[in-house]
Each structure stands twice: as C-alpha cells, then as structure tokens.
Amino acid sequence: TIMSDWTSSHSSLLELCRRTHIPDKPNYSLNLWSIMKNCIGKELSKIPMPVNFNEPLSMLQRLTEDLEYHELLDKAARCESSLEQMCLVAAFSVSSYSTTVHRTAKPFNPLLGETYELDCLEEYGYRSLCEQVSHHPPAAAHHVISQRGWTLWQEITIASKFRGKYLSIMPLGAIHLQFHSSGNHYVWRKVTSTVHNIIVGKLWIDQSGDIEIANHRTKETCQLKFSPYSYFSRDVPRKVTGVVADSNGQAHYILSGTWDDKMESAKIVQSSRGGSEGKQKTVYQTLSPKVLWKKYPLPDNAENMYYFSALALTLNELEDGVGLTDSRLRPDQRLMEEGRWDEANSEKQRLEEKQRAVRRRRDAEASDALDEGKDYEGYQPVWFHQRRDSLTGETNFVYKGGYWETKERQDWSMCPDIF
C-alpha cells in the first residue's frame with residue numbers, strides 16, 4: 001500500500017557529485033554572556049552578533065531544509081485516501097524539526113533582497129525559491145513547485161525573545177501545501193523552539209506546542225502535540241502524538257513518534273469511552289503501526305561540521321548561474337565556512353552597514369515624497385508580491401513568477417546590489 005513501511009528513496013547525494021563535507025568548525029571560544037546580558041527582553045534580530053554564534057548557512061537555506069523529506073509529499077500526492085494523505089503531510093510537518101536537535105548555532109540573518117534557490121528538477125522533480133522580503137521584522141517568503149504533483153508556499157517571520165536562561169524562537173506565518181490532482185489544500189503553522197542553557201552548560205533545543213493541520217477542501221484535521229521536555233516525565237523525550245480526524249471530528253488514525261527520529265501511524269478500528277473516577281478518556285483500538293517517516297543518519301564527522309545533514313552540507317556549495325543575490329554568494333558566510341572568522345566578522349559588519357545606508361536613503365526619499373505630497377512605493381521584493389489569502393484572511397507575500405525564466409536568460413539586471 002501507499003502507506004507501506006518507509007522505504008528510503010533517498011538516492012545518495014554522492015551520486016549527484018555533491019560535496020559531502022565542509023571545513024571543520026574552528027575552535028574559537030567567546031563569552032556568550034558578555035554579549036547576551038545586554039539583550040534581555042530585546043528583539044534579537046536588532047542586536048549585531050558575531051559569526052561565532054552562527055552556522056555557515058542563511059535563514060533562507062535553513063527554510064529550504066524543510067524539503068529534506070520531500071518524498072513524503074511525492075508519496076502523499078499518490079494517495080487515494082485524503083486521510084492517509086493527511087498522515088503523510090503530518091509526518092512531513094514533523095520531519096522539518098529533525099535537523100534541529102544538535103543545531104544550536106544560529107543561521108545568518110538574510111539581507112533584504114537576499115535569495116536562495118534549490119533547483120532539484122532533474123533529480124527530485126522540484127524547484128524551490130526563497131527571498132528575504134522584509135528586514136524588520138525579518139520575513140522570508142518561500143515557494144516550491146514539484147512535477148510530482150504538489151506546490152508548497154510559506155512566509156515565515158521569526159520572533160525571538162531572550163528570557164535570561166533560555167531563548168524562545170517563535171516562527172509566525174502559515175505553511176500552505178496544495179496537491180494538484182485532488183485540489184486538497186493543507187494549512188499549518190510551526191511550533192515554538194526553545195534554546196536552553198544560554199548562560200551556563202551545554203546548549204540544547206526543545207520543540208513544544210500544538211500544530212493543527214487543516215485540509216480546507218475536505219475539512220479533515222490533524223492535531224499534533226509536541227510535548228515539552230520534562231526532567232520528571234517518564235515519557236520518551238521529544239515526543240510527538242497526533243490524531244487524524246474526518247470533517248465530523250471522528251478519529252481515524254493515531255500518530256506517534258519523536259521529532260528527532262521517526263513518526264508512525266496506526267489505523268483506528270474501534271473507539272470507546274473509558275476511564276475511572278469520572279475522568280472520561282477515549283480508548284482507541286488500532287491496527288499495528290506503520291512507519292511514515294524515519295530520519296536519515298547524520299554524515300560521518302557531523303559533530304565537527306555544525307551537525308549538518310547530508311542535504312545541509314550541499315546547500316552552500318557554489319553553483320553557476322544562480323541569481324546575484326543568492327546566499328551562496330554572500331561573502332561573510334563564505335569566509336566563515338572556510339574558517340576565516342575574523343575576516344568574516346569584519347565583512348559581516350560591512351554588509352550590515354551597507355544595508356543600513358540603503359535603508360536611510362529610502363527613509364529620506366519617503367519623507368521627501370511626503371513633503372511634496374507624492375506617493376512613495378517603498379521597498380518591493382523582486383520575486384514575491386503581497387496578496388490577501390482567501391483561506392486565512394492574512395496578507396502575505398506569494399511568488400509572482402519569473403525567477404526560473406530569468407535564470408534561463410541569465411539577465412539579473414533587476415537584482416539589487418546587496419553584497
């Protein structure tokens with residue numbers, strides 16, 4: 001069956017002659033507290049951070065990593081049953097957290113207008129494009145289209161707050177996924193990530209909260225619960241549980257697993273109300289569980305390469321023909337990847353000052369236009385435009401087209417000069 005055990009269709013990245021390692025992370029020490037004590041209660045995107053806390057990837061590349069288990073969506077596109085499809089979509093939504101368990105360094109904040117493309121049309125049938133569409137608050141828009149029957153788009157704004165001992169990272173924005181043949185349209189949002197032991201001890205990351213996935217065509221839903229880590233709990237750490245229900249709220253599948261390893265689904269054959277002392281609890285009888293998703297093992301020597309997955313190792317590899325604003329061409333990030341951190345830090349300052357100068361010029365133009373009673377359009381992204389979403393009622397940036405055609409022509413004259 002389509003929901004048969006997870007079989008890895010992961011054609012090795014080696015076959016594609018992609019790189020399998022990057023230079024080892026240098027051993028630089030830095031007192032985090034000396035920087036962080038000035039940050040309590042502040043919005044972190046406004047604080048200049050040295051590259052010592054970064055990993056050599058941008059937030060746009062990190063967002064693209066959501067596609068690591070794209071074959072779950074290829075498989076979901078072939079499902080006859082929308083409830084089975086929902087199980088695979090749920091597994092896909094959990095799989096995007098699997099890379100975070102050891103990844104305590106932060107990605108580079110993209111510059112306004114920075115882009116990142118991942119063209120996997122030949123190997124895996126999809127093409128992905130991200131663009132940084134706003135600087136304050138930092139927001140990235142992402143669009144993926146697959147020849148294997150699905151389109152995914154999202155606009156993510158990261159809100160982060162430093163709380164003293166830990167850092168909360170709250171991604172705001174909806175993820176949309178549409179299957180071409182059925183028209184099934186799924187929407188969900190990400191959970192909160194928490195980075196613990198900011199001041200003392202070893203940094204570690206937890207995910208907690210609820211995700212509701214809704215299929216807007218059929219009104220079927222999936223409720224996923226990410227349990228926060230508790231020292232006192234007997235539960236397995238990083239636990240995720242879920243229930244897939246039809247439009248009447250009747251449960252059909254139980255999902256269970258962990259966000260760093262695997263997810264399983266079990267079909268419900270009978271449910272009954274049970275429990276003692278007035279605590280009503282639904283008891284489900286299920287068939288034996290099937291594996292939906294299993295995490296790929298990390299590459300050899302990953303602990304010295306920022307704990308990157310095989311996919312992450314390839315994302316910053318130089319490629320010909322990409323847009324002039326592509327993260328691969330970002331000089332501070334490249335210097336950092338090469339282990340030249342002092343040069344990377346001064347380059348990062350240069351780029352951020354260049355960005356601030358452009359912003360000051362734009363603010364001055366806006367105030368001149370206001371004085372003269374003229375309209376001022378303000379910054380407009382190159383590849384995305386704002387539209388109101390009919391399902392969520394939110395205004396967000398969606399792909400307006402043209403990037404891949406521009407890449408064919410190799411005419412990048414519309415790109416801003418950001419590096």
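**Figure 1. Lysine 219 is an exposed residue with a positive phi.** Lysine 219 counts as exposed because its relative accessible area is 54%; exposed means over 50%, buried under 20%, and partly exposed in between, for a 1.4 Å probe and protein chains only. The phi of this residue is about 70°, although lysine 219 is not a glycine. Its place is the loop between β11 and β12 (220–226); helices (H or I, at least four residues) and strands (E, at least two) are DSSP runs, numbered from the N terminus. The model is predicted: local features need pLDDT of at least 70, side-chain atom pairs count only at pLDDT 80 or more, and totals for chains, interfaces and linings use all residues. Residues are numbered from 1 along each chain as its sequence is written, and side-chain values use heavy atoms, with hydrogens and water left out.

**Figure 2. Tyrosine 306 is a buried residue with a positive phi.** Phi of tyrosine 306, a residue other than glycine, is near 60°. The residue lies in the loop between β17 (290–294) and α6 (310–315). Tyrosine 306 is classed as buried because its relative accessible area is 6%.

**Figure 3. Asparagine 197 lies in the loop between β10 (192–196) and β11 (204–215).** Asparagine 197 counts as partly exposed because its relative accessibility is 31%. Not counting residues up to four places away in sequence, asparagine 197 touches Lys165, Lys202, Leu203 and Trp204; contact means heavy atoms within 4.5 Å. Asparagine 197 and glycine 164 are 33 residues apart in sequence, and their C-alpha atoms are 9.2 Å apart in space.

**Figure 4. A cis peptide bond joins histidine 136 to proline 137.** The omega of this bond is near -5°. Proline 137 is found in the loop between β4 and β5 (139–146).

**Figure 5. Strands β13 and β14 form a hairpin.** Strand β13 (residues 239–245) and strand β14 (residues 251–258) pair in the antiparallel sense over seven bridges; two strands pair if DSSP finds at least two bridges between them. Valine 244 stands opposite tyrosine 253 in β14. Five residues lie between the two strands, and glycine 249 in the turn has a positive phi of about 85°.

**Figure 6. The largest nonpolar core has 66 residues.** A nonpolar core is a set of buried Ala, Val, Leu, Ile, Met, Phe, Trp, Tyr and Cys residues joined through side-chain atoms within 4.5 Å. Among the residues with the most contacts inside the largest core are Trp150, Leu177 and Leu255. Helix α4 (residues 82–95) gives the most to this core, with nine residues. Leaving aside neighbours within four places in sequence, the contacts of tryptophan 150 include Leu67, Tyr126, Val144 and Phe179.

**Figure 7. The second largest pocket is lined by 21 residues.** A pocket is a set of points on a 1 Å grid over the protein atoms alone, open, with protein on both sides within 12 Å along at least five of seven lines; a cavity is a set where a 1.4 Å probe fits but cannot get out, and lining residues have an atom within 4 Å of a point. Leu112, His135, Arg359, Arg362 and Tyr379 lie nearest the centre of the second largest pocket. The largest share of its lining, seven residues, comes from α8.
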